[in-house]
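The tour goes stop by stop.

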Amino acid sequence: MNHTSPEEHDHVLLRTEGRTAYITLNRPKALNALTHPMALRIDEALAAWEHDPDIETVVIQGAGERGLCAGGDIRAIYEDARTGGTASADFWRDEYRLNARIARYPKPYVALMDGIVMGGGVGISAHGTVRIVTERSRIAMPETGIGFVPDVGGTYLLALAPGELGTHLALTGAPVGAADALLCGLADHFVPSSALPALARELGADPVHTVLERYVEQPPPGELAAAREWIDRCYAADTAEEIVTRLLATDVPAAKVAADTLLAKSPTAVKVTLAALRRARRLGPLERVLEQEYRVSLAALSSSDLVEGIRAQVIDKDRDPHWSPATLEAVGPAEVERFFAPLGDRELRLAPSASSQEVAW
């Protein structure tokens, strides 16, 4: 049962217009950061609309001008990690189930990925059927910067990106714009941000493919296509240490910037992220990867780097985290393996949905 306060209830606005249902994340001052009650409310709405013959399409969007969703509520995770609570584990269990539902949704699920879309924001958009980016889109999985590891199916999505582009984005946490999101398979179409209100409105009356034909354009040029050579060569290395060595050995300034960026992240998170991505490529469907991410997330919750990373980036904002261990070389295989240990009766077990056939629209 979803017990939410009236204020929490207003954090997700639901409405229907014509044959379309609209979800609006409504915490603009918090960049629409996702909370547990919000995830539950979205999941309940999707469950109801799935079997509603009057609803053909679902649209998700963010209130305000700054973005769809900046991710999960980091301050809440910080307090939970400091006190050894279970609120984050409970949230992630329901959030990852929601991510799986979105990926298997039997009706067109249209995500308007305008502005900032990070972490949990990627989870409620990039698994959708139709993912629309704009010239304002900044999409990222920045978890290594707070001592965490990409979750919400992020390791699944990034493992599927061409070559080693996903490895680069996961380890450095670098944001991408519209063209690069399309290249990496995180989005499907580019539409100018000024056209989104009209597009969303017309989806209430016309089928998705008809509306898209009116609005889809070519995005401004990206950066990653031209960087594929050094990214693929450097990030194909077997270890994080070797990746850094290769990046520093290139004569490309952007590669050296990537090395410096990577070295500023939590060494443990970087190594676990690399292992998680490589394992995700072998795991198969999204559900198996989400189950792995749940193990990793719970292990991260008990690590000192998560508390320290959030402190440095969000609480004190001194941008000076003191990681432990402090270097990649000091993080041994046993420490990495700890993040993948089975959880016993706490495992997240997701069965591929009976509605997991391809969406026809």
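**Stop 1: the aromatic pairs**

Select Trp92: at 2% relative accessibility, this residue counts as buried. Keep in mind that you are looking at a predicted model.

Trp92 and Phe148 make up one of them, a stacked pair with 5.3 Å centre to centre and 25° between the planes. Planes under 30 degrees apart count as stacked. Trp92 sits in helix α4 (residues 87–103), while Phe148 sits in the loop between β8 (138–140) and α6 (154–159). The pair therefore ties together parts that are 56 residues apart in sequence.

Next, select Tyr96 and Tyr294. Stacked or edge-to-face? Their ring centres are 6.1 Å apart and their planes stand at 90°, so this pair is edge-to-face. Tyr96 belongs to helix α4 and Tyr294 to helix α15 (residues 286–301), so the pair links distant parts of the chain, 198 residues apart. Tyr96 and Tyr294 are both buried.

**Stop 2: the sheet of 6 strands**

Switch to cartoon view. Find the open sheet with the order β1-β2-β3-β5-β7-β9. Its pairing is mixed. Which strands stand at the edges? They are β1 (12–17) and β9 (189–190). Each has a single partner strand, so one side of each is left without a neighbour in the sheet.

Now show helix α10 (residues 208–215). This helix lies across β3, β5, β7 (130–133) and β9. Helix α10 runs at about 20° to β7.

**Stop 3: the sheet of 3 strands**

Select β4, β6 and β8. They form an open sheet in the order β4-β6-β8, with parallel pairing. Here β4 (67–69) and β8 stand at the edges; each has a single partner strand, so one side of each lacks a neighbour in the sheet. On average, neighbouring strands of this sheet are turned by 15° against each other, direction ignored.

Zoom in on β6 (residues 116–118) and β8. Their parallel pairing runs over 3 bridges. Pick Ile116, then Arg138, its bridge partner in β8.

**Stop 4: helix α7**

Select residues 165–172, helix α7. Is this helix mostly covered or open? It is mostly covered: 8 of its 8 residues are buried. They are Leu165, Gly166, Thr167, His168, Leu169, Ala170, Leu171 and Thr172.

What covers the buried residues of α7? Show α6, α8 (178–183), α11, α12 (240–249), α13 (253–264) and α14 (267–283), which are included in that cover.

Hide them again, but keep α11 (residues 228–235). Helices α7 and α11 pack at an angle of about 75°, with their axes 8 Å apart. Angles of 65 to 115 degrees count as roughly perpendicular, so α7 and α11 are roughly perpendicular to each other. Show the side chains where they meet. From α7 come Leu165, Thr167, His168, Leu171 and Thr172; from α11 come Arg228, Trp230, Ile231, Asp232 and Tyr235. By class, this contact has 5 nonpolar, 3 polar and 2 charged residues.

Finish just after α7, at Gly173. This glycine takes a positive phi of about 75°.

Notes. Residues numbered from 1 in each chain as written. Predicted model: local features only at pLDDT ≥ 70, side-chain atom pairs only at ≥ 80, totals over all residues. Heavy atoms only, no water. Axes fitted to C-alpha atoms, helices over the stretch in contact; angles between N-to-C directions. Helix = DSSP H or I, 4+ residues; strand = E, 2+ residues; numbered from the N terminus. Parallel < 35°, antiparallel > 145°, perpendicular 65-115°, else oblique. Contact = heavy atoms within 4.5 Å. Nonpolar A, V, L, I, M, F, W, Y, C, P; charged D, E, K, R; others polar. Pairing = 2+ DSSP bridges. Phe/Tyr/Trp six-rings, centres within 6.5 Å; stacked < 30°, edge-to-face > 60°. Buried < 20%, exposed > 50% of the residue type's maximum accessible area, 1.4 Å probe, protein only.
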